[in-house]
Every structure is written in structure tokens, then in C-alpha cells.
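Subject: Structure handover

Hello,

Here is the structure I promised to pass on. Please open it and keep it beside this email as you read.

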Amino acid sequence: MPSAKLMQGNEACTIGALVAGLEFFAGYPITPSTEIAELCSEELPKVGGKFVQMEDEIGSIAAIIGASLTGKKAMTATSGPGFSLMQESLGYASETEVPVVIINVQRMGPSTGMPTSPAQGDVMQARWGTHGDHPVIVLAPGNVKECFDLTVRAFNLAERYRVPVVVLTDEVIGHMREKVVLPDWKDVEVEDRARPAAPGGYRPYEADPDGGVPLMAPFGEGYRWHVTGLFHDETGFPSGKAEVADRLLRRLDRKVSKNEPVIRDYVTESTEDCEILVVSFGSSAMSALSAVRRARREGVKAGMLRLKTIWPFPEEVVRELSKSAKAVLVPEMNLGQLAYEVERTVGCHAPVVRIGKVNGDLFRPDEIHDKIMEAAK
Amino acid sequence: MSDKKSYVHVIREKWCKGCNICVAYCPKKVLTLVNGKVFAERPHDCIGCRLCELRCPDFAIEIREASAVPEPEEETTVDYSIPPEATHA
Amino acid sequence: MSDILKYFRQDRLPHIWCPGCGHGTVTGALVRAIARLKLDKNKVCVVSGIGCSSRAPGYLDFDTLHTAHGRALAFATGIKLARPDLKVIVMTGDGDCTAIGGNHFIHAARRNIDITTIVMNNNIYGMTSGQYSPMTPKGFLGTTAPYGNVERTFDLCKLAEAAGATYVARGTAYHAQMLVDLCEQALTHRGFSVVEALTQCPTYFGRKNKVGGAVELLEWIKDRTVNSKAAAVLPPEKTAGKLLIGELYKNPQPEFCDEYDKVIAQVQRKFDGFRGGVRGCEQNSD
């Protein structure tokens, strides 16, 4: 039986990546994610993997896409400013369907902001940071154990759907230490991208137009295929034809939107009969859960929904759980980003109350508890 | 001189864009443009220097010695019965 | 010639470059060098950024990657480090490499990673129709330098050498035969090798600056260059203001991927076939 260990969130992300089969890491130092780069530089050589500290975050994401194209699982880790620099190539990975994992340990932004303070202001950037419609999956660990679990899941989803997957943590989740019992690596389910059997007749982007995922050949094995950020047809070569472009973009989008029910991942507590639904994620959800439990003890029918997948946004779940609610509260460390999606989904069922904390501190449970009591009146 | 080699000018008209580089630089004025495509007007003057071939931006001209036997196609490790870009049945 | 056609994706030709554009000549020179070296097509990766030059890999029958503007070398670093056994070639332009891509260029050179970089320098941004670039000579015109370019250019070869490249050469589309030899040298060199190929853009650079068409531009390129070996013996007034062509710098140094492999060999702890990751989680931070 694997023993318990006191582990940091960033460390758990790295161990998760290694267990998922990480073979290549390229990154650039940035608080509060640097521990991930440091641990990768230490652990990867042990397993024959490669680590490189690139000249900037633009180079980092470019390098991991290159590595992934040779068939290796590749990851980078960064925070807000670096994540902003990575956007163009995140879109490149999304459009060329190259699986990569990006860990974004959020910090107060915008700009240099407060590097050592937690925040959740990159929610919309994680979805819409790069230009154009594009599929992306964003997971949000809520504790150190989930840093391990969701990084493994991030690789599995990236490999399964050939999309970039962002693991969205924050300075608290990344730096705090918790007792963690990790599974034995042999028992962890790891997925690998589907590869073509032989080079002859290989069409790198041939797949079911309704969200199909093409087989992915590695570079250097005789397929000699072409990858371009230009819109391309099934052969991978550039094409500007209207129907080709339409077919490509809709297929790319459907890869994620069609599979939202499978990608969906969340935790609920006492939501069966809840009148006040609190929707949150990451470190804000820790304080929110404490507030919900206290309210319950005080006889208020509060319920907690903690999202572990932020994108694709689990609309059905939020719509379902908010049906009986008098109010839906969304505590997050920004001025309202997840709240937009909740408002869009809840619609006129119930009022959505944004609880934004933007001073660099975590929520105190009582701050959320007060709002619950206010809404319960 | 009797042992003067003679050359064959293999021209890929589809690729030639009539840029005139080969015509201008042929030391023996062998080439010319006809309807915007290269044409070997005086092939017997060709001395096989291959400047046209080397400088052609479109790979549209190739000089072969008339007597030369084409090189054997060296086998590759991977079977390419169907080229990667084959349209599917 | 026919021996080089097998390196092309012939069904993709004719290519998109304008009549008389030098990019085709440079691509041909590179392919001739590859043919001479009989490189295994399945082990060659050609990476490019954005711009006219960067369309080249699409026509070459290798694993090819057309990336984002200026980022070819960063993508290529990922490929090469992940698969050091592959021959990785970057085909880039003067803007792609020295403007937006400058940072990746100097760092790839500093690392001395075994990548051969062909910089197709036509002194202009061609794809976006004629803006001046960091390599447009001072005083020349571009659609964004209507009154003459006030900026100075890089000396790309000195920049590469100073940054740490261990093979640096400059060739031209005029001196096509030499360009094949330089490409061959660069490809056989283990470490970061750069070949700056001066080449002609008749559509924009030639027309905008009234130098003329492809042939006149080739003459212009010939007149502004001098062979580095000849320059060594020529009186200074013969070489003043001219760009040296030929092999300019060669200084083999330890290669980045080789050095990293040495680290792996030292560090490698046997994890009895463990597929990635640390065997026992409790021992990972000892």
C-alpha cells in the first residue's frame, strides 16, 4: 500500500505528469510555477526524458509541440504572464491537433500583478486567450491530490482528443502542502494517442467530421507528413477552400463539445435539496465548502458544486442543480469570470450572485457564509 | 571535335514560370523562351554546365547526357506502394 | 537532377513562389546537398516559420512542420532534443529569423543544438508584399519605408557566430553551386549551423527599388558580394562594403543534445522498466 506523504501541489502535478508518461518538459522560470520546472529537470533524466529551459514561454510551448510531434508526451508549466505569451502556439497546437499539457499556476494579474498571491483571473484566457474558435480543455484541481489526478487526466484527455489541455491551479493550490496518498503508478490508467499502422496512404487529418480524432503518426517513422498552422485538408496540406475550412473547424470544435459529458468532472455536497447553490473551483472552493457546511449546520439548505472541469463548461450540471435554487453564488478570486458561464446557464431560474475577491488573499469562509445567509433571507 | 558530348534538355513546362534566369545565364545561349516557357533552341551547343538546372527556381529544367544510363532507384526501408497523398478508394 | 526529384512532393509542384524568386533556387541547393549526402528521407525533419521562405517544407518529401512566425527554431529544438537521431533543418526568411524570431535564433546558436538553419535572405517581407525587414539595406525602399529605410541591418553571420553558432556560411542564389557545397558542409556539421543565402525578390524588392527583375537582382547580389577566400588576398578597396560569401566560421564545439544525453547517462537510475515517472513516490525528493 503506497504510504502517505506531505506533498506540494506543484510537486503533485509533476509526479502526475511523470506517471502519465511525461518524456519532455520545456519551460521558463516564473513564480508560482517554477517548482514544476525544477522537479522536471531533476526527475526527467532519471527516466530518460528531456528537460530544456527555453529562452521564453513562447519558445517553451513551441518546443513541447515539436517534441509531441515526435510521439512523446510533453508539458510546460507557467503562470499568467507566461500563459499570455503562450497563447498563439496554444492555438497552433489546437488547430494542428498536437496533444500537449500546460499547467497554469495562476497568480494575481493582470501584468506583473502579485506574483506570490493566488488568483483565478485566467479562466476566460484559458478558454479564449488565443485568437479564433478552437477546442481546449481546462481542468481545475481543488487540492494537492487532485493536482496529481488531474494532471494524469490532462495527459489522457490530450492524447485521446489530440487537444492542448490546461491544468488551471493557483498559487495556493500550487504551493500548499497536504498529506497525500498517491496510487502505485502501476495502477494508474494511462492513455496514448491512436497511431496509424503503416505509412502507406496515411492521411493525417482524416476523421469523422462530427468530432472525430485522426490517427497521429510520429515524426521520424517514415510517414513524412506535413503539419501547418494554415487551414488544411485531410492530407495535411494547406487549403483555403470554404468547405474544407468549415469542415475542419467544426470537427475540431466537436471533438470537445460532443464529448463534454465524458470530459465533465465535478464534486457536489448536499445539493439534493439545496436552495442556495454555491458554484466554485480551485482554492476558492475550499473556503466555500466550509461556509456551506456551516450554513447547513445552521439550518440553511446550502449546497456546494465544485467544478473540476472549467472548460468545456458543464452546463447541464449547473442547469440541473440550480433548478431548485433560490440563488446561485459564485465565489472566485476575480471580478467575475466563471460567473458569466453560470449566469448564461442558470438564466432566469435564479439570481446569480458574484462574490469576487481580488486583493490577493484567499476567501475566508465567513465572507462566503455571510453571502449565503444574505441570500437565504 | 568528334568526341563532343551531346545533352538532352528535360523541360517540365508545367513548373516553368518563364523567369528567364536560365536563358540569361546559359553561357552558350542554348535556351530561349517560347510562350513564356523555356525551350532548348540550340541543344547541340550545350556544354552540360548545368547552370540552368542549378539556378532554376522551379526545378523545371534538367540536363542529361544523351548516353547516360539513369541511376538505379535505391531501395528504401519503407514500402510506399501507395504514396501518402493517395486519394482513398 | 532526377536524383533530387525524389526529395520533392512532386504532386505539390509548381510551387507558389513568384517567377524568378530565389527561394526555389535555395531550396534546390539544399535538396542537392541532401541528395549528395543520401540522407534517409524518413529521418529528416524540415521546420519553418511563416513567410514566403517558410512555404518550402511543404514541397519537400520529409516530415515537415510549418509553424508560427519566428518560432521555427523553438519548435525544431523540441523535435531535435526529443529525437536527436533525426536530421533537423530549419528553413526561414530574413524577417522570420532575425526580426520576430531573433530571440530563438541567438539562443539556438548559444545552445549549439545540432540544427541546420537556412536563412533565405531576400531583404524584404515578401509574403505580406514588400515591407522592409531587419535585413533591408539602409536607404532602400519598402512599402513601410516609402522614404527610404532609416535602419541599419544585422550582419547575420557575425550575429550567429557571436551568439555561439559553430558553423556559419553565407551563400547566394547567384553562386548556386557554392550554395550546394555550403549546405552540404552545414548538414554534415554537428552543432548549430547557419547558411545565410542571399536571394532575390523580383516582385517586391526588385521592383520597389528599381533594381529590376530576377536576373538584374542576381547581378546586384553578385556585385555586392566577394568570396571570403579571394577577399583575403584582395586589396581593401576591392572588398570595401562587400559581403563575404563562403564558409565564414567553423569551430566544432560540444553539441547540446550530446551533452544532455551525458547527463541522462550519469543520472539514469534503473527503475526496472518503469514507464515514465518515479517508481516510488516517497523517494522522489530525497
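Below is what I found, starting with confidence and ending with single residues.

**Confidence**

Keep in mind that this is a predicted model. Chain B has a mean pLDDT of 82. In that chain, 73% of residues reach 70 or more. Watch residues 75–89 of chain B, where the pLDDT is below 50. This stretch still has 22 contacts in the model beyond near neighbours in sequence. Where pLDDT is low, the predicted coordinates should not be read in detail.

**Chain A as a whole**

Chain A has 14 helices and 15 strands. How does its radius of gyration fit a compact globule? A compact globule of 377 residues would have a value near 21 Å, and chain A has 21 Å, so the two agree. The C-alpha trace spans about 70 × 45 × 45 Å along its principal axes.

Of the 377 residues in chain A, 65% are buried. Now take the contacts in chain A between residues at least 6 apart in sequence: 78% of them join residues at least 24 apart. The accessible surface of chain A is about 12500 Å². Carbon and sulfur atoms account for 52% of that surface.

Chain A carries 42 positive and 52 negative charges.

**A residue between chains**

Go to C:Arg71, in the loop between β2 (63–66) and α3 (72–82) of chain C. Is C:Arg71 buried or exposed? Its relative accessible area is 9%, so C:Arg71 is buried. Leaving out residues up to four places away in sequence, C:Arg71 touches A:Ile58 and A:Ala62 in chain A, and C:Ile100 and C:His104 in chain C. C:Asp96 is 25 residues away along the chain, yet the two C-alpha atoms are separated by 8.0 Å.

Most residues other than glycine have a negative phi, and most peptide bonds are trans. Here are some exceptions to look up.

- The bond from A:Thr31 to A:Pro32 is cis, with omega near 0°. A:Pro32 sits in the loop between β2 (22–27) and α2 (34–43) of chain A.
- A:Trp311 and A:Pro312 are also joined by a cis bond, with omega about -5°. A:Pro312 is in the loop between β13 (309–311) and α12 (315–322) of chain A.
- A:Ser111 is not a glycine, but its phi is positive, about 55°. A:Ser111 is exposed, at 60% relative accessible area.
- C:Lys38 has a positive phi near 50°. C:Lys38 is exposed as well, at 59%.

Best wishes

Technical notes:
Residues are numbered from 1 along each chain as its sequence is written. Chains are lettered from A and ligands numbered from 1 in the order in which they are written. This is a predicted model: local features need pLDDT of at least 70, side-chain atom pairs count only at pLDDT 80 or more; totals for chains, interfaces and linings use all residues. Side-chain values use heavy atoms; hydrogens and water are left out. pLDDT is the predictor's confidence in each residue, from 0 to 100. Contact means heavy atoms within 4.5 Å. Helices (H or I, at least four residues) and strands (E, at least two) are DSSP runs, numbered from the N terminus. The radius of gyration is taken over C-alpha atoms; the globule rule is 2.2 Å times the number of residues to the power 0.38. Buried means under 20% relative accessible area, exposed over 50%, partly exposed in between (1.4 Å probe, protein chains only). Accessible areas come from the Shrake-Rupley method with a 1.4 Å probe; for residues, only the protein chains shown count as cover. Lys and Arg count as positive and Asp and Glu as negative; His and the chain ends are not counted. The place of a charge is taken as NZ of Lys, CZ of Arg, CG of Asp or CD of Glu.
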